[in-house]
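Reader: I am new to this structure. Please take me closely through one part of it, the packing of a helix pair and what surrounds that pair.

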Amino acid sequence: MRNILFVLSVLAAAPAMAALAVTTLIDGRQVEYRTLKHPSAPYTVVFENGSRVTLDKWDKVIEGVAPQASVFAYNRPGYGRSESTAAARDGLSIIEELRHNLQHEGLKPPYILVGHSLGGLYVQLFAKRYPQEVAGIVLVDALYPGVIKKPEDFPALTRLGAMLFFSNSVRREISAIDQTGQQVLAQGNIDQLPMIRLVNQPKGATAIPIDLGVVNSDPQTIAAVRAMYPQAKTVVVDSDHQMQTASPEVVIQAIKDLMLAQRK
């Protein structure tokens with residue numbers, strides 16, 4: 001459980017990927033995204049970022065899968081060059097924005113959803129809300145319902161740190177994590193959808209867990225998370241929470257495995 005923490009996410013820049021991103025108006029708001037279209041490809045791979053993470057983090061993974069599929073990566077409101085919004089930052093609001101962005105780009109389902117950390121929670125909700133549009137799911141060291149406490153239960157120092165160091169957009173998303181988890185649980189199951197769960201378990205002696213008092217690590221929560229998605233394939237990786245940059249080959253292989261399974 002300790003390795004699925006959104007608090008380990010950090011902002012970083014990858015100029016090569018950033019240069020490929022474009023910004024355009026969608027419903028009057030600036031949205032930064034990266035689209036690669038292959039008309040003959042059977043799937044669109046959709047990337048959803050973790051908390052505080054921008055689309056350039058997927059650079060190496062996109063390079064690995066773009067020859068075989070259409071690709072869409074974007075920045076949520078308030079990230080990168082995507083304009084912030086006054087709209088609610090719970091999961092249902094965010095997945096509807098994502099779905100609208102995909103429609104705006106003419107990217108039709110089926111989608112293979114790839115979500116990192118908090119983005120993993122969002123893609124679980126997307127898949128449950130629109131299972132008929134989803135061909136598979138890759139959860140990259142993802143968050144799960146119930147893992148993060150309600151914001152009012154965060155320690156005072158953690159709340160203060162968030163006010164000092166996180167943007168308003170990030171704080172609003174974090175405050176809605178518990179609500180988003182409840183939205184995920186309220187939907188039907190998605191056991192029929194192919195899923196690969198990539199779980200980071202670093203073995204290095206210098207690996208230090210951090211939770212800042214925001215994680216529910218009680219046995220009941222751990223058992224509930226482990227019991228979710230019983231048909232999913234779980235791959236344990238000695239990596240980093242930012243697996244898409246530390247071990248991109250693992251994420252690429254998971255996406256390719258799902259595409260291959262669908263073709264069979």
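**A helix pair and its surroundings**

Author: Buried residues make up 52% of the 264 residues in the protein chain. Buried means under 20% relative accessible area, exposed means over 50%, and partly exposed lies in between, with a 1.4 Å probe and protein chains only. The model is predicted: local features need pLDDT of at least 70, side-chain atom pairs count only at pLDDT 80 or more, and totals for chains, interfaces and linings use all residues. Residues are numbered from 1 along each chain as its sequence is written, and side-chain values use heavy atoms, with hydrogens and water left out.

The chain holds 10 helices and eight strands. These are DSSP runs, numbered from the N terminus: helices are H or I with at least four residues, strands are E with at least two. Contact means heavy atoms within 4.5 Å. Among contacts between residues at least 6 apart in sequence, 82% join residues at least 24 apart.

Now the pair. Helix H3 spans residues 91-104, and helix H4 spans residues 118-129. They pack at an angle of about 75°, with their axes 9 Å apart. Axes are lines fitted to C-alpha atoms, for helices over the stretch in contact; angles run from 0 to 180 degrees between N-to-C directions. H3 and H4 are therefore roughly perpendicular to each other. That label covers 65 to 115 degrees; under 35 is roughly parallel, over 145 roughly antiparallel, and the rest oblique.

Which residues meet? H3 brings Gly91, Leu92, Ile94, Ile95, Glu96, Leu98, Arg99 and Leu102. H4 answers with Tyr122, Leu125, Phe126 and Arg129. By class, this contact has eight nonpolar, one polar and three charged residues. Here Ala, Val, Leu, Ile, Met, Phe, Trp, Tyr, Cys and Pro count as nonpolar, Asp, Glu, Lys and Arg as charged, and the others, Gly among them, as polar.

Stay in H3 for glutamate 97. Glutamate 97 is buried, with a relative accessible area of 16%. Its side chain makes a polar contact with the side chain of arginine 89, at 2.4 Å. A polar contact is a pair of N or O atoms within 3.5 Å; within protein, one must be able to donate a hydrogen and the other to accept it, and residues adjacent in sequence count only if both atoms are side-chain atoms. Leaving aside neighbours within four places in sequence, glutamate 97 is in contact with Pro77, Thr85, Ala87 and Arg89.

A cis peptide bond joins proline 109 and proline 110, with omega about 10°. Most peptide bonds are trans.

H4 lies across strand S3 (44-48), strand S5 (111-116) and strand S6 (134-140). It runs at about 150° to S5.

Those strands belong to an open sheet of eight, ordered S1-S2-S4-S3-S5-S6-S7-S8, with mixed pairing. Two strands pair if DSSP finds at least two bridges between them. The edge strands, each pairing on one side only, are S1 (22-26) and S8 (233-237). Neighbouring strands of this sheet are turned by 25° against each other on average, direction ignored.

Valine 22 stands opposite tyrosine 33 in S2. Aspartate 27 lies in the loop between S1 and S2. Aspartate 27 is exposed, with a relative accessible area of 67%.
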